[in-house]
Every structure is written in C-alpha cells, then in structure tokens.
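User: I would like to learn how to read a few features of a protein model, going from strand pairing to side-chain contacts and helix packing. Could you take me through them one at a time?

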Amino acid sequence: MLQVSRRGPTVAVLAFDGMSVFETGIVTEVFGLPRPEFPMAWYELTICAETPGPIRIVGGADLHTRHGLDTFESADTLIVPGVPDVELDPSPALVAALRRAHHRGARIMSICSGAFALAGAGLLDGRRATTHWRYAEALRRRYPAVLVDADVLYIEDGSVLTSAGSAAGLDLCLHVIRLDHGPSIANAVARRLVVQPHRDGGQAQFVEAPVADDPSDARVARSMEWALGNLTSDITVDVLARRAHMSTRTYLRHFGQATGTTPIRWLIDRRVHASLALLEATRVPIEEVAVAVGFETAVTYRHHFSRAMRTSPSAYRRAFQAG
C-alpha cells in the first residue's frame, strides 16, 4: 500500500502515437480528477510520452505533453495503457525506464496491450499476467516466460498489475484505490463513475460467442433474474430450466450461448460477488457469510472464493478493513 503524503501519490500514464483517448481517459478520470470530498490528498496525475511534444490520437487530433520518460519513471505508479503494435518490441528507452522504476519499488500497471511493454522489459517473467483476450496467444508466443491468464479482468502480482481489455483497466484502477484507501473510498469513486465497484467474472463472458436470436434468450434471462433474487435457495440446473420452461439439456445449450459459461459456474460467481460487501463492511463470521449467500458450507465457500478472488475470504476482509 502506498503511503499517502500531503501532496498525494504520483501517477504517470504513458501516451503513445496512434492511441485511443479512452485508455488515457480511464486513468485521468480515476486518478486525475480532484476529489475534495475525500479527507486524504488525492493522486497527482501526469500524462507523459517517450518524446515530449504532440501525440497523434485516434480521430485526427493531437495530444501535447511536455513530460517525458524521466517524469514517467519517477512516479509512484506507472501505467502503460497500450502499445502501438503488439508484434513490435518496446523501445530500449522505455524498457530502461520501466526497469529502473521497478527496481526502486514503484507500482507498475498495464491496460490491455500495455502488457507487451511490461513483458518486453522482463517485468512479467515468472509472473501471472493478463491482457485482452484477442492478444493472449500473441503474448504467450512472444514471451513464453510470462504466465498468461486470459480468463480474468485483472491480476495483481506483487507490485506489477495487468488488466484485460480497455474497460477492464477501470476495474484495475478501482482495485488500486481499494488497496490504497479502502473499499469505502473505492465505492464512492465507483458511484461517481456510475460503475460497479466489483465486476465479477472474467474475459470468457466477453469472447465472441453465438447468441441465439429467439425468445429462449429472454426466458434464460428471467431465470437468471430469479436466481439473483434467491441466492440462498437450493438452485440447481433443473430448477433453472423449469423456471425457463425448458428441458435441462435445452436450457444448458441456450445458457451457454447467451453467457459463455455454465449455469452453476455463473451462480457460484454471483454468490462470491454477493459476499464481498459482507466481508468489507461487517465482521459477520465467515461461516455465516457463506450461508448468507447460498453456500452449503464454509469449506465450499472458501474454495470457490479463493478460485475467483485469488485470496481467502479472511485475507480479503483483513485487506479491506485495515484502517
């Protein structure tokens, strides 16, 4: 966790030629806007470039910054929101800057294809990392020492953090705020952004998949809505299929087409997600949390929570109730 000074921690994001404004906009919105409603000093954001001056952005406009790699590498948190071409190596200057920042203990983040810059600097060797699902195979091929996980929205591995497609960068930025300032502040920022504080699931739900264009999809959706309102019930695939007025086999097929996952996998993820607020805001025993969100035992709950969140419920609670 970064120590907050009176000036606030510094964050630097690297702009690059041909970029979309969205990637930088995510970082600017979360870390750059003033937050006078909070009691602590907020982050100080700087937009940098490898060479100070105008940067061409999508749409025919230019972004101009006077800050170069020296400012970029000196920040408390460095963010690479993408690279111009995933098949090209990062420049030696950028590699050197990333390595120096990592060596002194800075937090280094990537969004979407930005993982290729971190991998090119050797910062992901032996680490779990993610990127947009369309680039995952290229990342594995080009950097075999990286433990690529294309099924998640973001990964924190020590001081190096990576996220999936551009919108997943928002999830990662909110995660960083939770790490630095706790869940209440992160939730407040999420409310300002009108997004979920936690977006569960992984990239599998966004991978291109056929969706049947027929009334069955609406019936599947209604069964899912019912399940969300009855998480503590004994919900099985047969129960959901009856709710959708389908045979179990037909329901499984339509559910998979509509969501990219299975009903039980989806239900488990929703129950884990529902437990986060209880862990963050209460001291209800883990056994009671498990029952409150529909798990039969705390053992089962801990197993599925660890699979989804890469930590235990108790460790999650300690992290987000500290201070």
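Analyst: Let us begin with a strand pair: β9 and strand β10 (residues 160-163) pair in the antiparallel sense over four bridges, where strands are DSSP runs of E of at least two residues and helices are runs of H or I of at least four, both numbered from the N terminus, and two strands pair if DSSP finds at least two bridges between them. This is a predicted model, in which local features need pLDDT of at least 70 and side-chain atom pairs count only at pLDDT 80 or more, while totals for chains, interfaces and linings use all residues. Residues are numbered from 1 along each chain as its sequence is written, and side-chain values use heavy atoms, with hydrogens and water left out.

User: In what order do the six strands form the open sheet?

Analyst: Strands of a sheet pair through backbone hydrogen bonds, either parallel or antiparallel. Here the order is β2-β1-β5-β6-β10-β9, with mixed pairing, and the edge strands, each pairing on one side only, are β2 (44-49) and β9 (154-157).

User: Which residue in β10 does Glu156 stand opposite, and which side chain makes a polar contact with the side chain of Glu156?

Analyst: Glu156 stands opposite Leu161 in β10. A polar contact is a pair of N or O atoms within 3.5 Å; within protein, one must be able to donate a hydrogen and the other to accept it, and residues adjacent in sequence count only if both atoms are side-chain atoms. The side chain of His175 makes such a contact with that of Glu156, at 2.9 Å.

User: Is His175 buried or exposed?

Analyst: Buried means under 20% relative accessible area, exposed over 50%, and partly exposed in between (1.4 Å probe, protein chains only). His175, found in helix α6 (residues 168-181), is buried, with a relative accessible area of 9%. Leaving aside residues up to four places away in sequence, His175 touches Tyr154, Glu156 and Leu161, contact meaning heavy atoms within 4.5 Å.

User: At what angle do helix α11 and helix α13 pack?

Analyst: Axes are lines fitted to C-alpha atoms, for helices over the stretch in contact, and angles run from 0 to 180 degrees between N-to-C directions. Helix α11 (residues 263-281) and helix α13 (residues 298-309) pack at about 90 degrees, with their axes 10 Å apart. That makes α11 roughly perpendicular to α13, since angles under 35 degrees count as roughly parallel, over 145 as roughly antiparallel, 65 to 115 as roughly perpendicular and the rest as oblique.
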